[in-house]
Amino acid sequence: MAGVLQSVHGTILVCEPAPFWTPALQRELQQDSLLVRGCRTPNELDALIDKHPLAIIVYGLNTGPAGCLSWLASRKSQSLPVIICGSTTTAELEPVCRELGARSFLPDLISHADLAALCRRWLRMQQSDSLPSRPIGARASQEQKPTGGLRGII
């Protein structure tokens with residue numbers, strides 16, 4: 001049926017120093033039957049990845065940029081989509097994060113609903129094995145113009 005969103009299922013792992021995105025995503029995604037698990041350190045995140053090997057990851061850069069970059073460089077599964085939630089003060093780290101495999105980098109605070117929508121989109125792509133040829137959030141001038149989705153993010 002045209003215009004009907006397909007059902008999405010999966011797990012979202014959130015690494016952040018204090019609960020912010022985790023409870024927000026749990027509220028936003030509660031009716032989608034998506035599992036949202038939070039942790040505070042890269043080591044805890046790796047343990048969660050072992051339990052949820054098909055998850056997507058939301059990593060708060062405020063956890064510590066050095067720790068984030070180190071984790072990106074050494075992470076177990078390069079195939080898992082990683083969304084980096086940065087800030088205007090960490091925006092200059094976007095190219096490095098992308099080089100290390102982050103699929104999406106958000107340099108500004110976004111709404112909980114927009115982050116939830118981005119997570120749903122990644123989960124749909126992961127389930128259909130059709131990950132995009134360029135990272136979500138990559139500048140359109142780098143390869144191609146975005147064809148819809150979250151304005152300013154994708």
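Reader: What makes β3 and strand β4 (residues 82-85) count as paired, and in which sense do they run?

Author: In this predicted model, β3 and β4 pair in the parallel sense over four bridges. Pairing requires at least two bridges between the strands, so the four bridges between β3 and β4 meet the criterion.

Reader: Why is strand β3 (residues 56-60) called mostly covered?

Author: Five of its five residues are buried, which means that each has under 20% relative accessible area. On one side these are Ile-56, Val-58 and Gly-60, and on the other Ile-57 and Tyr-59. Both faces of β3 are therefore covered.

Reader: Why is the aromatic pair of Phe-20 and Trp-21 called edge-to-face?

Author: The count of aromatic pairs comes to two. In the pair of Phe-20 and Trp-21, the ring centres lie 4.9 Å apart and the planes stand at 80°. The centres are within 6.5 Å and the angle is over 60 degrees, so the pair is edge-to-face.

Reader: What makes Phe-20 partly exposed, and is Trp-21 buried or exposed?

Author: Phe-20 has 40% relative accessibility; this lies between the 20% and 50% limits, so Phe-20 is partly exposed. Trp-21 has a relative accessible area of 8%, which is under 20%, and therefore Trp-21 is buried.

How values were computed. Residues are numbered from 1 along each chain as its sequence is written. This is a predicted model: local features need pLDDT of at least 70, side-chain atom pairs count only at pLDDT 80 or more; totals for chains, interfaces and linings use all residues. Side-chain values use heavy atoms; hydrogens and water are left out. Buried means under 20% relative accessible area, exposed over 50%, partly exposed in between (1.4 Å probe, protein chains only). Helices (H or I, at least four residues) and strands (E, at least two) are DSSP runs, numbered from the N terminus. Rings of Phe, Tyr and Trp (its six-membered ring) pair if their centres lie within 6.5 Å; planes under 30 degrees apart count as stacked, over 60 as edge-to-face and the rest as tilted.
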